[in-house]
Amino acid sequence: MLNEKQQKTLLALLIFAVAFAVYLATMAPTVSFWDCGELVGASNILGNPHPPGNPLFTTLARVFIIVAPFKEPATRVNLISALTSALTVMMCFLFTVKLLAIVFKGKLSRFATYCSAAIGSALVTFSDTFWFSAVEAEVYGTSMLLVMIISWLSLDWYERRGTPKANRILLLITYLGFLGMGVHPFSFITIPAVGLFVIFSDDNHRKNWLGYVLLFGGFVLSSVILVKGAHLDMIWSFLAILVLAAIVYASVPDMKFDLPLAISGLGLFSIVYDIGDFIFYAAGILALALIAKLLAKGPEAKGRWNMAVMLSLVALLGFSSYAYVPLRSNVKPNIDENEPRTWDTFKEYLERKQYGSESMLSRAFHRRGELIHQLLVYPHMGYGGYMLGQYFPWKVGETRS
């Protein structure tokens, strides 16, 4: 008789096998229309696709082109999506099992838990948008796998909060979030949510209100500055003030709020607003946190600054996959969009300058097309209005346009 852990593992592997078989059977035999050809071509020669690039995915795809057992290079890259999407479905099952155990505090029967998780995984497996990207050379399957791993780790942190291993899980989450940027910036979407989850799930963090007032106040101020088009030096000045305040407070032995974690968080979250200068933000936070750690009095303050140092360090390590972009660009591959060989062109590449320089927040209020499209209802890419605009019409038998 299998125990609970063995049953869960067996079911997870079975769900993975079913999803992988479905995706493999329906996988595109060669190049699909849109970005897929560009990604396959760039991966085959280790070039740079369109901004902001996908250095980690490009490298991974090159490995698959070398070792995968298919004739066509495009088919070998397609296999990445099929494999990672099936793994995502498996992680969805494991995530749901853990979530139900936490929500119902173990009162839900094992049968009901596994059935619920299996149904949820099946809905993901056969959902139109997910299936659509799981069978072609695209980055979304790999990106979603990282999102689901981070989501599962956040629940694992919740179960272990207050223990020494909890901080190590947070470091792993930070690393994976920034590593995923090398696949697609979408992977980073989980990090703000995990930050809020950590704050409101842990009594110690929730009581450290002053540090988080400064942290979220910094987010709001940074947003206002960028929407109004002010110079980035204003943000640098604001960050400098916060960091100096943190160093002062670090010398207080009975510090009652986690300002170091808030300051390091502000440095890391700056990527949301200015990906091009993120390296400077994180490196500056890392250097100042090291200084603050040396000046801090008492083991508690030193421990908090040590966490700030490690968060900044693992974020930089995760983001380091982007070093690939200028390195390969200087080799002058045939696919080298924007030629990001210098620091200025590399920064513009990361910030998608070829698409315009206006703030993403301000441009959201400008009419650039039909209203229904601006409300995110668009074929295959209408994320916000997908359920209302496409999913239900398709599922009730209407002909796809």
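Tutor: Welcome! The model is predicted, so local features need pLDDT of at least 70 and side-chain atom pairs count only at pLDDT 80 or more, while totals for chains, interfaces and linings use all residues. Residues are numbered from 1 along each chain as its sequence is written, and side-chain values use heavy atoms, leaving out hydrogens and water.

Student: Why is lysine 98 called buried?

Tutor: Buried means under 20% relative accessible area, exposed over 50%, and partly exposed in between (1.4 Å probe, protein chains only). Lysine 98 has 13%, so the residue is buried.

Student: What makes lysine 98 and aspartate 156 a salt bridge?

Tutor: The rule asks for a side-chain nitrogen of Lys or Arg within 4 Å of a carboxyl oxygen of Asp or Glu. Their N to O distance is 3.8 Å, so the pair qualifies. The pair links distant parts of the chain, with lysine 98 in helix H4 and aspartate 156 in helix H7 (residues 140-160), 58 residues apart.

Student: Is aspartate 156 buried or exposed?

Tutor: Buried, because its relative accessibility is 7%. Aspartate 156 also forms a salt bridge with arginine 160, at 3.2 Å.

Student: How do you know that the length of helix H4 agrees with its residue count?

Tutor: Helices (H or I, at least four residues) are DSSP runs, numbered from the N terminus. The expected span is 1.5 Å times one less than the number of residues. For the 31 residues of H4 (residues 73-103) that gives 45 Å, and the end C-alpha atoms are 45 Å apart, so the two agree.

Key: Helices (H or I, at least four residues) and strands (E, at least two) are DSSP runs, numbered from the N terminus.
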